[in-house]
Amino acid sequence: MNSDTPLLEILTSARAHRYRSVVRGAVDRTADRLAAVAAPTTDTPAQVLRDRVAAIDLDRPLGSADAAVAEVDGLFTAEAVWFHDPGYLAHLNCPVAVPAVAAEAVLAAVNPSVDTWDQSRIGTEIERRVVRWASGTVGFTAGDGIFTSGGTQSNLHALLLARQAATSTTAGRATTAGRAAGDGRSVAASDRPAPALDDLVVFATASSHFSVRKSAMLLGLPERAVVEVAADAAGRMRPDALAHAVAAARHEGRTPMAVVATAGTTDRGCIDPLEPIADVCDLEDVWLHVDAAYGCGLLVSPSRRHLLDGIERARTVTTDFHKSFFQPVSSSALLVRDPADLRLAAWHADYLNPEDAEEPNQVDKSLQTTRRFDALKLWTTLRASGAEAIGRAFDTVLDVTERVHDHVAAHPDLVLVAPTQLSTVLFRWQPDGVPDADADALVAPVRAALLAEGRVLVAKTVIDGRPCNKLTLLNPETDADQVLAALDHVVATAERLHAEHARATETTGATR
Ligand SMILES: *Cc1c(COP(=O)(O)O)cnc(C)c1O
């Protein structure tokens with residue numbers, strides 16, 4: 001250390017002017033980049049990006065916030081992946097609402113944590129109000145919930161509550177008899193032996209999000225705990241197969257812990273039949289969790305809310321506002337029908353949230369301790385334009401998807417691999433005469449070539465054992481013609497790679 005060592009500029013009242021100038025500088029640079037975006041990303045080779053990052057000496061600071069921000073602008077922002085560009089069609093990323101971005105800026109400066117009331121005060125009140133509003137859109141009349149970091153955490157949290165309910169009551173019945181004990185642990189409501197973790201069963205489908213299996217692993221359940229229920233041709237859980245699977249598990253002496261229905265599967269965008277699944281869960285008294293990470297936008301859709309009929313019969317629901325509510329990452333919630341369920345995982349610490357606290361401490365309901373006040377972003381969006389505007393935006397995306405589907409289905413060189421109820425397009429380039437093996441072999445190279453070029457970004461996945469390419473539409477500002485133009489580019493890329501491959505094999509054949 002010497003006198004040249006730069007100062008760490010802490011944000012204080014005395015530095016309000018520094019905040020203003022440094023952050024304005026960052027906003028100005030970013031706004032200039034935004035205005036100039038003409039593709040979802042650049043064609044800078046991956047190795048160049050890696051080398052640029054590696055070349056920076058983290059032990060030799062630039063000496064000023066402005067210099068660091070300028071470096072970030074050139075290093076990161078100039079090479080960013082822009083979800084709002086019409087060519088971005090890869091994953092479940094949405095462009096974001098301006099009021100939410102403004103709220104994010106407020107959060108960045110105030111830096112609240114909504115773990116306890118005394119750290120956030122009105123922030124806690126706002127989060128609680130937004131959560132109650134969101135649980136109302138599900139149809140929970142007196143529901144509750146908590147903001148989380150994402151659908152993965154929301155699913156883990158739901159399954160933790162279900163596990164606590166199953167292991168703290170007689171015969172694994174999913175009642176709320178378990179309650180938080182003085183040491184924070186749930187206690188059994190009866191002296192009957194609780195079911196062993198080894199015997200618990202979670203029912204899902206092959207299309208359920210992988211976080212369900214990962215959660216089961218984290219919750220100490222064996223691999224066999226997640227039972228894959230048969231699905232129909234569209235990939236939706238079959239309620240009759242669910243009823244059989246639950247009965248079979250009980251017959252084997254195992255304990256049904258939860259049924260995970262998905263309202264919008266990540267690949268096929270399909271919605272499991274919620275009413276008949278809820279019927280099975282009611283009859284069998286099994287915890288129903290609905291993973292609506294993707295489909296939650298339907299909750300506020302003026303034209304398609306009926307697709308979620310029955311969701312109000314779930315015990316817990318995952319919503320990802322950072323998918324179909326156009327919110328910045330992160331913004332997700334776990335919603336519960338019965339507020340008491342959140343107590344199944346409550347833990348109390350003397351220094352933070354003692355059991356006898358009179359203040360409403362959100363940490364009582366959360367898996368996290370220090371936690372972002374993400375609720376303010378949705379709050380600000382609701383105050384700016386209301387829920388119906390969000391729902392209409394999602395509807396627009398779904399309308400465009402229908403047009404793209406029709407186009408792909410009618411396209412001579414494309415195969416529509418599977419239908420969807422939401423906004424994915426699963427397809428493969430395969431003109432007549434191109435064998436399956438050749439078409440399958442092109443899926444990964446097409447995605448990679450497009451990514452290297454940066455003009456149109458698509459994804460790839462596997463459906464019914466065969467690879468295919470995938471578009472995920474989530475931009476209400478992109479019209480069908482723009483998506484079709486992007487598809488034309490995908491087709492041209494596939495044709496080029498196919499021709500190159502054919503020439504390469506001819507050459508090898510000739511020299512042999
Ligand atoms: C995206 C997704 C998740 C995971 O959500 P994250 O916010 O990425 O953690 C869970 N379930 C479904 C159905 C999803 O589409």
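**Cavity lining and ligand shell**

Analyst: The lining of the largest cavity consists of 9 nonpolar and 4 polar residues, with no charged ones (nonpolar: Ala, Val, Leu, Ile, Met, Phe, Trp, Tyr, Cys and Pro; charged: Asp, Glu, Lys and Arg; polar: the others, Gly among them). The model is predicted, so local features need pLDDT of at least 70 and side-chain atom pairs pLDDT 80 or more, while totals for chains, interfaces and linings use all residues. Numbering runs from 1 along each chain as its sequence is written, and side-chain values use heavy atoms, without hydrogens or water.

Of the 13 residues that line the largest cavity, L89, L473, L474, N475 and T478 lie nearest its centre. This cavity holds about 80 Å³ of space, and the model has 3 cavities of 30 Å³ or more. A cavity here is a set of points on a 1 Å grid over the protein atoms alone where a 1.4 Å probe fits but cannot get out, and lining residues have an atom within 4 Å of a point. Points are joined across faces, edges and corners, and the volume is that of probe spheres set on them.

The shell around the ligand has 3 nonpolar, 9 polar and 3 charged residues. In total 15 residues surround the ligand, with G151, T152, D291, D320 and K323 the closest; each has a heavy atom within 4 Å of the ligand. The protein covers 85% of the 380 Å² of accessible area that the ligand has on its own (Shrake-Rupley method, 1.4 Å probe). Helix 7 (151–167) and helix 11 are the elements that give two or more residues to this shell, and helix 7 gives the most, with 3 residues. Helices are DSSP runs of H or I with at least four residues, strands are E runs with at least two, and both are numbered from the N terminus.

A cis peptide bond joins V329 and S330, with omega about -5 degrees. Most peptide bonds are trans.

Conventions: 1 Å grid on protein atoms, 1.4 Å probe; cavity = no way out; pocket = protein on both sides within 12 Å on 5 of 7 lines; lining within 4 Å.
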